[in-house]
Amino acid sequence: VAGCMVAWLTMCMVNIVLSKRGVIERQVLANLLDYVALGTVADAVSLLSATNRAVIQHGLLLINRKTKPCWSIAFQELNMSDQRMTAQDIAFKIAPRINARSRMDDPFIALQYLISDSPITTREYFNVLDNDNTRRKEIEREMQSLCYEQVEEARKEYQHSAVAAHESFHAGVQGIVASRITETYGTPTVILSPTTKEGIYSGSVRTIEGIHIREVLQRIEDENPGTLLQFGGHKGAAGLKITSEKIEVFRKLFNSEIIRRIGTEPLSPLLKTDGELTKRGLLNLDTYMSLQLLQPFGNGFEEPIFHDRFTVQEAKFIGKDNPVHLSMQLIDLNGERVKAIWFSAIEKAGMPLPVTIGAEVVCAYMLMANTFRNETNLQLMIRELLSTTPP
């Protein structure tokens, strides 16, 4: 369970003991499970756990009642007033705004947002969090661009790992950027940014399936004492501190250790899907609704991803910000039309369409429901363009 769940369980035990001793009257603490659900999703603990699933489900019931200002304001500001919040909404809409504050500035504004009993004040706090999240995205984009440049240059020599460092990098988003680089190249990744101590860098490490990243760092330090100042973590992620003059040495050692564990075969991004839907006649709203019964989705119990072949009938860019999203009208193998949205299809405005009208494409996608003027229709959220055949 997440740390917030440990805290809540501790409160429950203290509540029981003190009430039995007559020190206090028994308190109802179940009304705090919305906060526990938020923390459980944001902390990305396993949703194969029945405990975590139960906590999130109960917490979502509280959230969707909108009795606390933090939730009612979130529904309004996120244009979700006619919808029910899901675990994915927490993960992609609420948690990033909460986390952005601690990444960018004083985290207590996030706390005040969650506990404020004034709708007016809560909205003000939400706007601060929203602005922080926007600033976080801008910093992340700039940092990611620099990382890609470094990694592309380094891949001439290091093709099994990615290590990037720069004096302008922001420690608050290095974990997010490390995850992006790992997704792009399919390699373990280390992103390093300067600390307040001159010459000392801190790093976030992300890995791929089959590579226990803390064990990698442990072996590097065991065989090359003094390479790292400090490190810690677990199988999937880790953190470290290192002096600037040791970064290049570490880059070589890190790459060599990955090769030692998995061999010299080139690494590439891996996206697993749950198969095709059109051949079975299951690309429809009923399938989406059936899958929603399996909620909540999250780490360890991810929302299904499918892949199918389509013909592109229409495609147009939407939104004015970078990166730019793409709205598409697709035709499946059965001749049925389906709408699709591809978020961050291109990095910046002015770039050409990534698909051609009339082309056949194989897409990895997730199912969504789009409600407009009280009418709900199926919509695909494109995760990746797997292949394309010109018209």
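Buried here means under 20% relative accessible area, exposed over 50%, and partly exposed in between (1.4 Å probe, protein chains only). The structure is a predicted model, in which local features need pLDDT of at least 70 and side-chain atom pairs count only at pLDDT 80 or more, while totals for chains, interfaces and linings use all residues. Residues are numbered from 1 along each chain as its sequence is written, and side-chain values use heavy atoms, with hydrogens and water left out.

Rings of Phe, Tyr and Trp (its six-membered ring) pair if their centres lie within 6.5 Å; planes under 30 degrees apart count as stacked, over 60 as edge-to-face and the rest as tilted.

| Pair | Class | Centre to centre | Angle between planes |
|---|---|---|---|
| Y113 and F126 | tilted | 5.9 Å | 55 degrees |
| F250 and F254 | stacked | 5.4 Å | 25 degrees |

Helices (H or I, at least four residues) and strands (E, at least two) are DSSP runs, numbered from the N terminus. Y113 belongs to helix 6 (residues 108–115) and F126 to helix 7 (residues 119–154), 13 residues apart, and their pair links distant parts of the chain. Y113 has 1% relative accessibility and so counts as buried; F126, at 3%, is buried as well.

F250 and F254 both lie in helix 10 (residues 247–262), four residues apart, about one turn of the helix. With 0% relative accessibility, F250 is buried, and F254 is also buried at 0%.

Elsewhere, F306, F310 and Y365 make up one aromatic cluster.
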